[in-house]
Amino acid sequence: MGKERTTSQFNVIQNCRNYDIPLWQCPQFLFIIMGLVMIGAIMLSSFIGTKYLMGPEIIVLATISITIFLFIIAFIIVQSFEKMAEANRMKTEFINIASHQLRTPLTNIKWGSDAIINENLNKDQADSLKIIQINIERMAKLISGLLMVSRIEQKRLTRNDELFSLEEMARQIIAESKFHSDGRKINVNFVANDNLPKIMGDPFQIKTVFENLLNNALKHSPENTTINVSLARKGKSALLEISDNGIGIPEEDHKYIFQKFFKAKNVMKTNTEGTGLGLFICKSIIKSMGGDINFKSAVGKGTTFWFTLPLINKK
């Protein structure tokens with residue numbers, strides 16, 4: 001057991017995979033690179049000392065001193081990286097386990113509240129139960145988002161690719177959001193190019209992306225405005241755009257917008273709901289399917305999010 005553990009310490013590639021981080025961020029790989037740099041630095045200093053400076057004893061002493069100094073620095077840096085990588089891995093596992101453990105009791109509470117609401121309740125009781133159900137829904141969305149982020153970071157988000165029509169999906173989601181859009185007197189206008197080919201990809205995940213973007217547009221648009229959704233062909237890809245006339249995103253927040261748990265400053269002032277995970281999930285899904293996603297926005301003028309998907313998917 002001890003021998004296997006010692007041997008596994010030298011399996012750099014496997015250890016890097018355990019951390020779920022790229023090779024260039026892996027502490028053990030960096031340690032090897034720093035070792036090579038140290039050897040190069042020692043050889044160079046030895047060459048310079050021999051040719052230009054002093055006697056052999058002083059050169060040896062200087063070389064050993066530089067070696068020890070560089071080794072200590074490298075060891076401290078790598079240890080720090082390793083602790084951070086391990087903490088990150090444990091954090092992801094904790095989120096995964098905690099989310100799974102919360103999902104089951106939350107589902108039971110939801111079923112219980114659904115059963116009670118059909119009973120003969122007075123108005124106050126019905127209103128209280130409605131508030132409970134709204135909060136259950138919010139918690140369910142948060143747990144679902146955390147689970148998906150955990151799977152993305154652990155590279156365990158599986159795909160079930162199939163041929164599907166992006167246009168039909170868009171029309172269906174817009175129809176499903178009609179209750180929400182009508183309630184806020186927002187018109188969702190959809191146009192699509194004729195004869196667009198079908199997409200090869202995971203329809204559930206693409207639906208998650210489109211719903212996130214459309215819900216964001218609905219949430220941040222004022223009443224009596226229009227959201228324009230368009231689907232077109234762009235080269236070898238399908239391009240879907242969602243444009244609103246909402247509050248927009250401050251320019252200083254643009255570079256953070258796809259990060260986990262990030263919310264723009266003006267959004268935090270007007271709407272505290274939402275997990276800040278949606279756009280991170282959207283970008284991860286679109287990138288995993290060989291597409292691209294981005295946006296343009298100006299405060300007070302609105303935002304346009306768009307994503308592309310290859311018409312012939314690269315798996």
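This is a predicted model: local features need pLDDT of at least 70, side-chain atom pairs count only at pLDDT 80 or more; totals for chains, interfaces and linings use all residues.

Trainee: Which residues make the contact between α6 and α8?

Mentor: From α6 they are Leu166, Met169, Ala170, Gln172, Ile173, Ile174 and Glu176, and from α8 Pro203, Ile206, Lys207, Phe210, Glu211 and Leu214. Sorted by class, this contact of α6 with α8 holds nine nonpolar, one polar and three charged residues.

Trainee: On to the sheet. In what order do its five strands lie?

Mentor: The order is β2-β4-β5-β7-β6, in an open sheet with mixed pairing.

Trainee: Why are β2 and β6 said to stand at the edges?

Mentor: β2 (187–192) and β6 (292–298) each have a single partner strand, so one side of each is left without a neighbour in the sheet. On average, and ignoring direction, neighbouring strands here are turned by 15° against each other.

Trainee: How do you know that β5 and β7 pair?

Mentor: Pairing takes at least two bridges. Strand β5 (residues 237–243) and strand β7 (residues 302–310) have seven bridges, in the antiparallel sense, so by that cut-off they pair. Ser237 stands opposite Pro310 in β7.

Trainee: How many bridges join β6 and β7?

Mentor: Seven, again in the antiparallel sense. Ser297 stands opposite Thr303 in β7. Three residues lie between the strands of this β6 and β7 hairpin, where Gly300 takes a positive phi near 85°.

Trainee: Which residues of β6 are on its covered face, and which on its uncovered one?

Mentor: Ile293, Phe295 and Ser297 make up the covered face, while Asp292, Asn294, Lys296 and Ala298 make up the uncovered one. In a regular strand, side chains alternate between the two faces of the sheet.

Trainee: Where do the helices meet the sheet?

Mentor: α8 lies across β2, β4 (226–234), β5 and β7, and runs at about 25° to β5. Helix α10 (residues 278–288) also packs on the sheet, touching β6 and β7, and its direction makes about 140° with that of β6.

Conventions: Residues are numbered from 1 along each chain as its sequence is written. Side-chain values use heavy atoms; hydrogens and water are left out. Contact means heavy atoms within 4.5 Å. Helices (H or I, at least four residues) and strands (E, at least two) are DSSP runs, numbered from the N terminus. Ala, Val, Leu, Ile, Met, Phe, Trp, Tyr, Cys and Pro count as nonpolar, Asp, Glu, Lys and Arg as charged, and the others, Gly among them, as polar. Axes are lines fitted to C-alpha atoms, for helices over the stretch in contact, and angles run from 0 to 180 degrees between N-to-C directions. Buried means under 20% relative accessible area, exposed over 50%, partly exposed in between (1.4 Å probe, protein chains only).
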